[in-house]
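Please have the sequence and the structure ready.

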Amino acid sequence: MTAAPGMRDLAHRLLTYEAGAGRTSEPMEFATLRVYEKLRQSLSAFAGVAAFESLAFRALTQAKSEAPGLSAARVTADGSLQGLGEFDPQVGIDKNQTGEDGVILLARLLNLLLIFLGETLTLRLVRDVWPETAFDDRNSKDGRNA
Amino acid sequence: MSTQDKVTINKLPTGVPGLDEIVGGGLPEFSFNIIAGAPGSGKTTLAHQFVFANATPEHPALYFTVLGESAIKMLRYQQQYTFFDPAKLPDSIRFINLSQVVLEKDLGAVLEEITKEVENANPAVVVVDSFRTMVRKPESDMDLQSFIQRLSLFLASWQATTFLIGEYAEDELRDNPIFTVADGLFWLRQTAERNSIVRKLQVIKLRGQASVPGLHTFRITDAGVQAFSRTFGLKGHLKDPPSHRRLSFGIPELDKMLGGGVREGDSVLVAGSSGTGKSVLATQFIAEGIRQGEPGIVAVFEERPQAYAERATRACSHYFVIIGVNGDHGRAVQKDQG
């Protein structure tokens with residue numbers, strides 16, 4: 001089972017937004033980490049570090065089954081994400097896949113929020129972190145306001 | 001002091017149907033309140049109702065969660081209530097988890113964290129759920145009473161109306177110094193009475209205004225907590241002056257013995273052993289009222305409603321109609337149109 005399409009789309013848009021906020025030459029995992037870190041800060045304050053860490057661990061476990069490139073990634077006790085972009089040589093993942101891996105991980109995390117809180121509250125929490133982003137515009141391609 | 005010299009204490013709606021009447025019109029603004037009770041007694045739901053009724057973007061609420069139920073699970077369940085308005089999150093209502101501070105530090109650090117958040121948000125309402133779970137370390141720098149004292153002073157100066165939620169058992173009510181700090185103390189109980197669970201709410205103290213004393217029944221439905229004042233509340237008043245009218249039983253000899261019937265407004269106990277005609281007498285009284293153009297209500301506890309209505313209709317030649325208040329428990333009777 002994969003994340004709900006809406007959450008995958010949302011993850012993609014957040015990733016695109018954060019990628020646009022960084023340097024064009026930086027690896028895609030930097031944008032993934034920025035999105036993840038912003039969610040971690042916000043959700044840890046809201047629900048507690050332990051609650052976020054549990055959700056993130058579960059999301060990563062689910063994502064690994066879909067994205068072998070995340071095999072080296074791990075969630076630490078404070079909920080931080082480590083090992084993203086590190087690859088197990090035996091797995092041999094193409095580095096170009098990292099953007100897609102990030103989408104999968106973030107979509108899984110958002111999907112867990114969706115399951116527990118429902119769409120309205122999930123979108124409100126996300127909007128609180130990225131108030132400048134137009135999430136209501138489902139047709140937006142780049143996820144940023146003009 | 002004359003009325004015009006006194007400070008005006010604004011009253012905030014509790015958001016709990018029936019509770020405003022019990023507390024004399026609403027909760028005093030800037031008051032420091034404790035909601036106490038056993039697990040599952042409705043403390044968090046009551047606090048949520050107050051928060052959702054009062055929080056606005058200009059006057060936001062801060063809801064601190066400590067150990068125990070995670071905010072995610074709490075919101076998962078609380079959003080099932082009809083009063084829950086997701087549009088209020090996070091601009092009007094912000095949830096902040098303090099479990100890490102509690103686990104790693106002491107009460108002083110918890111107070112510091114609350115202070116920081118309050119200074120940032122300038123909230124009108126603050127809830128700490130549950131403050132009892134903060135007392136974990138015996139070597140804590142501040143004891144709970146001191147913590148609450150300082151928290152109370154701080155939040156009052158920030159013009160916040162505050163609720164502390166705590167799990168307390170019945171026997172902890174007496175001589176507990178924590179409760180002396182509070183302006184308002186609300187005790188929620190759920191007790192077993194034979195096979196039923198009865199929920200009761202008591203306003204043990206409320207500074208600044210009168211409240212209806214005693215135990216008030218409440219229930220928790222899809223709409224949250226709903227309280228039923230033991231009396232008609234402080235605002236309740238008689239519609240009309242006491243009546244001297246007598247109401248007939250429809251039994252001339254009995255009416256004669258009673259000086260014309262039962263005095264209007266009286267409560268009458270009809271007692272007797274099984275089969276002596278208690279229900280028949282009561283039904284005749286209702287039927288006579290119908291005949292006089294005065295509808296009545298019969299609450300039936302030990303018989304199926306339909307059977308009662310049919311028997312009453314046969315006995316009194318009047319049409320008893322079930323109007324069904326809350327399922328099986330309400331009965332109304334109407335005059336036979338036939």
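**Overview**

This is a predicted model. Chain B has 338 residues, and 35% of them count as buried. Its secondary structure comes to 10 helices and 16 strands. Of its contacts between residues at least 6 apart in sequence, 67% join residues at least 24 apart.

**The sheet**

Start with the sheet of chain B. It is open and has 9 strands. Their order is E5-E4-E6-E7-E3-E8-E9-E10-E11, and the pairing is mixed. E5 and E11 of chain B are the edge strands, each pairing on one side only. E11 spans residues 224–228. On average, neighbouring strands are turned by 25 degrees against each other, direction ignored.

Strands of a sheet pair through backbone hydrogen bonds, either parallel or antiparallel. Two pairs in this sheet show both cases, as the table sets out.

| Strand pair | Bridges | Direction | One bridge or facing pair |
|---|---|---|---|
| E4(B) and E5(B) | 5 bridges | parallel | Ala61(B) and Ile93(B) |

Take the parallel pair. E4(B) covers residues 61–65. Ala61(B) has Ile93(B) as its bridge partner in E5(B).

A hairpin of 2 residues joins E10(B) to E11(B).

Look next at Gly166(B). This residue lies in strand E7 of chain B, residues 161–167. Is Gly166(B) buried or exposed? It counts as buried, because 22 C-beta neighbours lie inside 10 Å. The cut-off for buried is 20 or more.

Which residues are in contact with Gly166(B), leaving aside neighbours within four places in sequence? They are Ile34(B), Ala36(B), Ser130(B), Phe131(B) and Arg132(B). Ala36(B) is 130 residues away from Gly166(B) in sequence. In space, the two are 4.9 Å apart, C-alpha to C-alpha.

H6(B) lies across E3, E6 and E7 of chain B. It runs at about 135 degrees to E3(B).

H5(B) covers residues 107–121, and H6(B) covers residues 144–157. Their axes are 11 Å apart, at an angle of about 10 degrees. That angle makes H5(B) roughly parallel to H6(B), since angles under 35 degrees count as such.

Which residues meet here? From H5(B) come Leu107(B), Leu111(B), Ile114(B), Thr115(B) and Val118(B). From H6(B) come Phe147(B), Arg150(B), Leu151(B), Phe154(B) and Leu155(B). By class, this contact has 8 nonpolar, 1 polar and 1 charged residues.

**The cores**

The largest nonpolar core has 106 residues. Leu106(A), Val51(B) and Val127(B) have the most contacts inside it. Helix H4 of chain A, residues 98–129, gives the largest share of this core, 13 residues.

Not counting residues up to four places away in sequence, Val51(B) touches Ala61(B), Tyr63(B), Ile93(B), Val125(B) and Val127(B). Ala61(B) and Ile93(B) are also the bridge partners named above.

Another core, of 8 residues, lies apart from the largest one. Among its members are Phe285(B), Ile286(B), Ile290(B) and Ala309(B).

**Where the chains meet**

14 residues of chain B are in contact with 14 residues of chain A. Three elements of chain B each supply at least two residues to its side: helix H3 (71–78), strand E5 (93–97) and helix H4 (99–104). H3(B) gives the most, with 4 residues. By class, the chain B side has 8 nonpolar, 5 polar and 1 charged residues.

Phe116(A) gives a view from chain A. Its place is in helix H4 of chain A. Phe116(A) counts as partly exposed, because it has 17 C-beta neighbours inside 10 Å. Not counting residues up to four places away in sequence, Phe116(A) touches Ile72(B) and Arg76(B).

Methods:
Residues are numbered from 1 along each chain as its sequence is written. Chains are lettered from A and ligands numbered from 1 in the order in which they are written. This is a predicted model: local features need pLDDT of at least 70, side-chain atom pairs count only at pLDDT 80 or more; totals for chains, interfaces and linings use all residues. Two residues are in contact if their C-beta atoms, placed from the backbone, lie within 7 Å. Ala, Val, Leu, Ile, Met, Phe, Trp, Tyr, Cys and Pro count as nonpolar, Asp, Glu, Lys and Arg as charged, and the others, Gly among them, as polar. A nonpolar core is a set of buried Ala, Val, Leu, Ile, Met, Phe, Trp, Tyr and Cys residues joined through C-beta atoms within 7 Å. A residue is buried if 20 or more other C-beta atoms lie within 10 Å of its own, exposed if 12 or fewer, and partly exposed in between; C-beta atoms are placed from the backbone. Axes are lines fitted to C-alpha atoms, for helices over the stretch in contact, and angles run from 0 to 180 degrees between N-to-C directions. Angles under 35 degrees count as roughly parallel, over 145 as roughly antiparallel, 65 to 115 as roughly perpendicular and the rest as oblique. Two strands pair if DSSP finds at least two bridges between them.
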